[in-house]
Every structure is written in C-alpha cells, then in structure tokens.
Amino acid sequence: MASFVGFRVQHDNARGPMKGGIRYHHEVDPDEVNALAQLMTWKTAVANIPYGGAKGGIGCSPGELSISELERLTREFTQKLHDCIGIHTDVPAPDMGTNSQTMAWILDEYSKFHGYSPAVVTGKPVDLGGSLGRDAATGKGVLFAAQALLAEYGKSISDQRFVIQGFGNVGSWAAQLISEAGGKVIAVSDVTGAVKNSNGLDILKLLKHSKESHGVKGFGGGDALDPNLLLMEDCDVLIPAALGGVINRGNANDIRAKFIIEAANHPTDPEADEILSKKGVLILPDIFANSGGVTVSYFEWVQNIQGFMWDEEKVNCELKTYMTRGFKHVKEMCRTHNCDLRMGAFTLGVNRVARATVLRGWGA
Ligand SMILES: NC(=O)C1=CN([C@@H]2O[C@H](COP(=O)(O)OP(=O)(O)OC[C@H]3O[C@@H](n4cnc5c(N)ncnc54)[C@H](O)[C@@H]3O)[C@@H](O)[C@H]2O)C=CC1
Ligand SMILES: O=C(O)CCC(=O)C(=O)O
C-alpha cells in the first residue's frame, strides 16, 4: 500500500482565521509549505481581508492517481486534519494540483465530524455553496493587477505582448482574460511543453486542445518551443503561473520582459530579484498580484456565512475594487519608503499584521 505525507502549516491568526490553499505536488515538503503559509499571512493583509495565513499540501503526483485514489487520499487527509480546520480557525482552498472537487470531498468528510459546514473550505463547486467567479478569480485578479501596473506607465493590456508559464487554473484564465482584453499572448508552457506564435496564440483553441490532449504540447496554432527557453522569450510582460523558484540566478540575466507579474507563489528568488531590479525590470509581487483568488475565497466564505449568494457581476465588481485599491495602497507604501513594489507590498502587509498583533495585546 502506498503512503503519502501531508502537511498543514498555520502561520498567523492575528487578523482572523487562517487561510490558504492545499497543494498536491511531488515536490511538496514542510519547508515549502511553511514558506507558502507565511506568504498567505502577508497576502491576506495586503488584500485587506480579515484572515491570517496557512497552507497545506500532500507530496504526491495527482496526475498519476485515479479519481478514486485522489478521493480516498483527500478523505484520509481530512480525517487527520478535521480538528485543526474550521470556519473560524483555518479555511483551506485549492492550490496547485487540487480543485473544486477536492474541496467538495474535504467539505463532505469534515461534515461527518462537525455537521454540514460549507464555509470550512472555499473554492467549492457552485452547487455546494461555491462562489460564482471563484474559478476565474486568480486569473481575473492578475488581469486587474496588470491593468493597474501598466496604466502607471501609460500602457495598456492591448499594446503588450505576454508570455505565460503554466496553463492550469491561474495561467489559463489569465491567458483567456488577457487575450479577451486585446493583449497578445505569444507563448505559453505547461508541464507537457511550450508553444509560441509571434502573432498571438488563439487562446480559446489552445484551451480546447489542452483539454483534449491533457496539455499544450502538439498545439497546431503555434510552433513548439523549448520550455526551458520560455522565460527568456522576447516579450513585454512575463507571467509565471506555475512553480516557485523558476526565475533564479541561472536565468535572470537573460530575461527580456519589461514587467513580471507574479501569478505563481514565489516564482522569483532573492538573487534574481536583485539582478532584475538592476536591469530595470518591474516586478509585481505574488502577495499582491495573485491575491484575487483568496479575495474571492473571502467573498465565498461571507456568502456561506450569510446564506446568501451573490451574482457573478457583484463578485467581479468587488474583486476589481479590492485589486485597484490594493495597488493604490502598495504604491503609497513605495512612495513613502522610496522602495520597489515587493518591498512596498511586504511593508503594507507586515504593518497591518503588526498592528493587529499589538491591538490584541500579543506584542508585550
Ligand atoms: N489556484 C489559485 O486560486 C491560486 C494559485 N496560486 C498559485 O498559482 C500557481 C499555479 O496554480 P494553479 O493554476 O492553481 O495550479 P494548477 O495545478 O491548476 O496548474 C499548474 C500548471 O502549471 C504547469 N506546470 C507544472 N510544472 C511546470 C513546469 N515545470 N513548467 C511549466 N509549467 C508547469 C502545469 O502543467 C499546469 O498547467 C501556483 O504557484 C499556485 O500556488 C496563487 C494564488 C491562488
Ligand atoms: O483561496 C484561498 O483561500 C487561498 C489561495 C492560495 O492558496 C493562494 O493565494 O496562494
């Protein structure tokens, strides 16, 4: 019988229940989950939603497991975890390798112990209390974040060429929405390979191909590209939307994008960050750029607690308000402290958590 190791790291709850996704990936280990949990604390604070930070994961290869194996694994994990999570303590959600079905299994297993509790997880199927718009939310947040950043430099989505690494939930929604907004997505990769078309990929056709062929490899509407070279493609905006640490000392000098929008969590390591800053590349950090997902998770939790469902227009309109206001607050921090966007975002997040910590009397 195979055995798997799973983790849940609860980092901070000064501002509210801890919040963060559950990742299924063969590289999941305690150090990574810990780092991702910390990022959630600063992310929820930057988004100004009433949560702390947590993250979970199981070291496994979800693509190699059958649906029934994934269900048994998820239910077993929930049996171990159910006393640690809860509506007002720690609220999981999807991340890499997990989806709304995973959340439905967690909800069902948790409810066997604690009674039916839809607000214990977010990113659920809409039929089980999930929010309209949650599936697209991280990608939509990336679009709003990109619009806000580009506007600062007198540019817009429709005059930019984009390269996107990752074509799962976040990358595929970002690609679709950017292309609908008139942006040219010229190259995309996933774990199967990479495709490029300098005139712009037809994203709807690529989505269809990717669903049918389980990946972007072999797409007829572009040329095959070495996935290792994707990040170095000539483009205006690079959007890493897959793994952490992909932009590093080994490739930072060769990156040709003018803007990097971090849709993935911690895609850029500190050395690369320094190299890119010296080159004048502008990086919109993960704790702001991908906060659209957790923001709509918050809307879902609110809807579950209120027992009242919002329409999709309200979800998207509120998301736009949160992302636009978040960008303004990050920029204000950058101006006050004369720092870059990453430092501005961290300063904003850490200050908010520190204030809550002191107000609760935990600082003495
Ligand atoms: N799902 C969400 O709401 C949120 C996700 N994120 C972050 O966004 C990133 C992507 O997450 P999801 O889209 O949810 O995951 P997903 O599991 O839906 O998709 C992951 C994608 O990355 C690709 N990939 C994996 N290894 C790769 C490699 N070596 N090179 C190129 N592509 C590779 C996969 O083929 C797949 O297309 C992760 O870093 C995650 O933590 C951040 C905020 C919210
Ligand atoms: O939606 C959520 O609660 C968390 C999403 C997540 O794991 C992330 O933002 O990295």
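**Entry 1: the recorded positions**

I began with N169 and found this residue in helix α5; helices are DSSP runs of H or I with at least four residues, strands are runs of E with at least two, and both are numbered from the N terminus. The model is a predicted one, in which local features need pLDDT of at least 70 and side-chain atom pairs count only at pLDDT 80 or more, while totals for chains, interfaces and linings use all residues. Residues are numbered from 1 along each chain as its sequence is written, and chains are lettered from A and ligands numbered from 1 in the order in which they are written.

The cut-offs are 20 or more other C-beta atoms within 10 Å of its own for buried, 12 or fewer for exposed, and partly exposed in between, with C-beta atoms placed from the backbone.

I consulted the UniProt record, an unreviewed entry, which lists T138 and N169 under "binding site". The two are spread over 32 residues of sequence, yet they cluster in space, with a largest C-alpha distance of 8.1 Å. I noted that UniProt positions are given in the numbering used here, that feature names are shortened, and that annotations may be inferred rather than shown by experiment.

I located T138 in helix α4, residues 134–152. T138 is buried, since 28 other C-beta atoms lie within 10 Å. Leaving aside residues up to four places away in sequence, I found T138 touching N169, V170, W173, A263, N290, G292 and G293; contact requires C-beta atoms, placed from the backbone, within 7 Å.

**Entry 2: ligand 1**

I counted 24 residues around ligand 1, the closest being G168, D190, V191, A264 and G293. A residue is near a molecule or strand if its C-beta atom, placed from the backbone, lies within 6 Å of it. Helix α5 (169–180) and strand β6 (184–190) each supply at least two residues of this shell, and the largest share, 3 residues, comes from α5.

By class, I recorded 11 nonpolar, 11 polar and 2 charged residues around ligand 1. Here Ala, Val, Leu, Ile, Met, Phe, Trp, Tyr, Cys and Pro count as nonpolar, Asp, Glu, Lys and Arg as charged, and the others, Gly among them, as polar. Domain 1 (6–44 + 53–130) and domain 2 (137–364) each give at least three residues to the shell of ligand 1; domain bounds come from an automatic or database domain assignment.

**Entry 3: ligand 2**

Which residues come nearest to ligand 2? I found G21, A93, D95, V294 and S297, out of 13 residues around the ligand. The elements giving two or more residues to this shell are β2 (18–25) and α9 (292–306). I recorded 2 nonpolar, 8 polar and 3 charged residues there. Domain 1 and domain 2 each contribute at least three residues to the shell around ligand 2.

**Entry 4: the domains and helix α1**

I noted that the C-alpha centres of domain 1 and domain 2 lie 22 Å apart. In contact are 19 residues of domain 1 and 20 residues of domain 2. On the domain 1 side, α1 and β4 (90–94) each supply at least two residues, and α1 gives the largest share, 7 residues. That side divides into 9 nonpolar, 6 polar and 4 charged residues.

Just after α1, N48 takes a positive phi of about 60°.

Definitions and conventions:
Two residues are in contact if their C-beta atoms, placed from the backbone, lie within 7 Å.
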